[in-house]
Amino acid sequence: MANRGPSYGLSREVQQKIDRQYDPELEQVLVRWMMGQCGGDVPQPAPGRDGFQQWLKDGTVLCRLINSLYPRGQGPVAKIQASTMAFKQMEQISQFLQAAERYGIAATDIFQTVDLWEGEGPGWGGGGVGGHTWDPVVPKGPVTTPRWHPAGKNMACVQRTLMNLGSLAVAKGDGLFVGDPNWFPK
């Protein structure tokens, strides 16, 4: 991805709006929950959006998180391994997203892999035609064509998915949730 200088005019306004969607306080809640849920050997991320993104970017923390919401040995992601190769990292993120949907998160509430991997705002750097990206996932049911989504490379989408996952884990009440249930709306 190319380095960009400061934005001006409409580009700056759009970027400021995107930046306001990300919630630093929610980040702190999610980090506390995820570290407690995954166990003590998960490293603390650097504070801020970039630190949060880098912490999640290889998919290992996400896969450990989803596995921790299942009884020991029954986690949906069988092999979790850190890798520096982009396609392996994106594959692990994809495994987490598929497992989160099976866990009960609505498909419309799940971020796209590029939301986390690129961690930028909509329409910046690599969006397809008209600032849209093509989602090759075919929805279940009678619709047989892929979905067309606005480009959503946005860490706020990642936060919303994790918040929904935490809320669902609390609501299930199966004793596998670790943390303060008041962190998440019911």
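Visitor: Among contacts between residues at least 6 apart in sequence, what share join residues at least 24 apart?

Guide: This is a predicted model, in which local features need pLDDT of at least 70, side-chain atom pairs count only at pLDDT 80 or more, and totals for chains, interfaces and linings use all residues. Residues are numbered from 1 along each chain as its sequence is written, and side-chain values use heavy atoms, with hydrogens and water left out. A contact means heavy atoms within 4.5 Å. Among contacts between residues at least 6 apart in sequence, the share joining residues at least 24 apart is 61%.

Visitor: In what order do the elements run from the N terminus on?

Guide: Helices (H or I, at least four residues) and strands (E, at least two) are DSSP runs, numbered from the N terminus. The protein has 7 helices and 2 strands. Their order is α-α-α-α-α-α-β-β-α.

Visitor: Over which residues does pLDDT stay under 50?

Guide: pLDDT is the predictor's confidence in each residue, from 0 to 100. Its mean for the protein is 79, and 70% of residues reach 70 or more. Where pLDDT is low, the predicted coordinates should not be read in detail. That caution matters for the stretch with pLDDT under 50, which has 60 contacts beyond four places in sequence: residues 121-153.

Visitor: What percentage of the 186 residues count as buried?

Guide: Buried means under 20% relative accessible area, exposed over 50%, and partly exposed in between (1.4 Å probe, protein chains only). Asn182, in the segment after H7, is exposed at 64%. Cys157 is buried at 17%. Of the 186 residues, the buried part is 39%.

Visitor: Which helices do the buried residues of H3 pack against?

Guide: Helix H3 covers residues 49-56. Its buried residues are Gly51, Phe52, Gln53, Trp55 and Leu56. They pack against helices H2 (24-38), H4 (60-68), H6 (113-117) and H7 (155-172).

Visitor: Is Thr161 buried or exposed?

Guide: Thr161 sits in helix H7. Beyond four places in sequence, Thr161 touches Asp109, Ile110 and Phe111. Its relative accessibility is 1%, so Thr161 counts as buried.

Visitor: How many disulfides are there?

Guide: A disulfide is a pair of cysteine sulfur atoms within 2.5 Å. Cys63 is buried, with a relative accessible area of 0%. Its sulfur is 10.0 Å from the closest cysteine sulfur, in Cys38, so that is too far for a bond. The number of disulfides is 0.

Visitor: How are the rings of Phe52 and Trp55 arranged: stacked, edge-to-face or tilted?

Guide: Rings of Phe, Tyr and Trp (its six-membered ring) pair if their centres lie within 6.5 Å; planes under 30 degrees apart count as stacked, over 60 as edge-to-face and the rest as tilted. The structure holds 6 aromatic pairs. The centres of Phe52 and Trp55 are 6.2 Å apart and the planes are at 35 degrees, so this pair is tilted.

Visitor: Which parts does the pair of Tyr70 and Tyr103 tie together?

Guide: The Tyr70 and Tyr103 ring centres are 5.6 Å apart and the planes are at 65 degrees, so the pair is edge-to-face. Tyr70 is partly exposed at 21%, whereas Tyr103 is buried at 5%. The pair ties together parts 33 residues apart in sequence: the loop between H4 and H5, which holds Tyr70, and helix H5 (86-103), which holds Tyr103.

Visitor: Which residue lies over the face of Tyr103?

Guide: A charge sits over a ring if NZ of Lys or CZ of Arg is within 6 Å of the ring centre and within 35 degrees of the ring normal. Here the distance from the ring centre is 3.8 Å, and the residue is Lys172.
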